[in-house]
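Open your viewer and get the selection tool ready. We will go from stop to stop, picking residues and looking at what surrounds them.

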Amino acid sequence: LSVKRSLEVQGALQRRLDSLKRRLTTGEQSELERIPIPREFNQTGTDFSIAEAIALMFAHILRLTHDYLRRHYEDDVFDDVVYRFTRPVFDPDRGRWVDRHMRAAITAALQIERRLGRSYAGSIAAGQARRLLDTLELKPSVLRQVSTEGLLEPVAAGILILSQVPNRRFLAAIMDIGAGTTDIALFAGIQPDGMPTVDRVHTYGTPVSLTKGGDHIDQILRRVIEDGTKGSLSARDRIEIELNIRRLKEDIFKFQESIPTLSGGRRLARIMLHNFRKEKAMQEMQQELIDSLLGVLRSAKEII
């Protein structure tokens, strides 16, 4: 069922698997090939593992990307392509674990994408997806096209930002606040005169990633909403709030307030931005981000 259908008054609300990336960044370091997507999220009647779901998602993204490139360039744009991926700054063990799963998923996705056919319109039946996965043979030639190590997300974000400002030498601290993590790095980038991008980058100090970002703010907002109802929410109400939490969060920061409204027009307590910012958990997150940024700067103090 789509998210829209799950919100229909006549329909049964359904939880959804919201972020497979979160499973990689914060989940147990286990063999994802052996862990099935829970039936709570997968109601197709066909079993898929977490690793398979990630590969199918990547195959869809690759098809969209390849189709765009084919429309704007010749097919030889794919000659000698190397596929790279980014990841947060992890301890060495988790870094190696994530790199292995990402490389395997992208390699599988490349071969699945090539078998989707030109008629692919954005989705396939669960049974067809199952057959594609069951008949998949990972070819060494494809594996060689995928990087073995992920590029650190704060460095990748920094290169992108610095590339947008021409003809300068940079010393920049980048704080990239995403959904699941906040990534911070300090480095110099050089964009030679007349060149379109930064072509030399040197990292100073120690980049860091925190498992605090937009998802953490979602959790805080969800608790504030529930506290305002004094325990009067049903299970259906909680699912509905969960499905709409990102829109409610956007309202707070865009309009300085949010009024959660459930099916049938039932309104919950208004949440004001200035009060939300005073929440203890928000204050703690803010302080953790500041302390981490200062920690990165201190780690590079002698060099600077």
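Which residue forms a salt bridge with Asp 251? Select Arg 247: its closest N and O atoms to Asp 251 are 3.6 Å apart, where a salt bridge is a side-chain nitrogen of Lys or Arg within 4 Å of a carboxyl oxygen of Asp or Glu. Before moving on, a note on what you are viewing: this is a predicted model, in which local features need pLDDT of at least 70 and side-chain atom pairs count only at pLDDT 80 or more, while totals for chains, interfaces and linings use all residues. Residues are numbered from 1 along each chain as its sequence is written, and side-chain values use heavy atoms, with hydrogens and water left out.

**Stop one: helix α9 and its end**

Arg 247 and Asp 251 both sit in helix α9, four residues apart, about one turn of the helix. (Helices are DSSP runs of H or I with at least four residues, strands are runs of E with at least two, and both are numbered from the N terminus.) Asp 251 is buried at 19% relative accessibility, whereas Arg 247 is partly exposed at 42%; buried means under 20% relative accessible area, exposed over 50%, and partly exposed in between, with a 1.4 Å probe and protein chains only.

Now show what surrounds Asp 251. Leaving aside neighbours within four places in sequence, Asp 251 is in contact with Gln 256, Glu 257 and Ser 258, contact being heavy atoms within 4.5 Å. Click on Gln 256, in the loop between α9 (235–255) and β6 (257–258). Gln 256 has a phi near 65 degrees, a positive value in a residue other than glycine, and is partly exposed, with a relative accessible area of 44%.

**Stop two: a salt-bridge network**

Select Arg 63, Asp 67, Arg 70 and Glu 113, which are linked in a network of salt bridges. Within it, Arg 63 pairs with Asp 67, with the closest N and O atoms 3.8 Å apart. Both of these residues lie in helix α3 (residues 50–72), four residues apart. Arg 63 is buried, with a relative accessible area of 6%, while Asp 67 is partly exposed at 24%.

Asp 227 is partly exposed at 48%, and Arg 223 is partly exposed at 35%.

**Stop four: helix α2**

Go to Thr 26, in helix α2 (residues 20–26). Not counting residues up to four places away in sequence, Thr 26 touches Arg 94 and Thr 211.

**Last stop: the whole chain**

Zoom out. The protein chain has 11 helices and seven strands. Of its 304 residues, 40% count as buried. Among contacts between residues at least 6 apart in sequence, 65% join residues at least 24 apart. Finally, count the salt bridges across the structure: there are 19.
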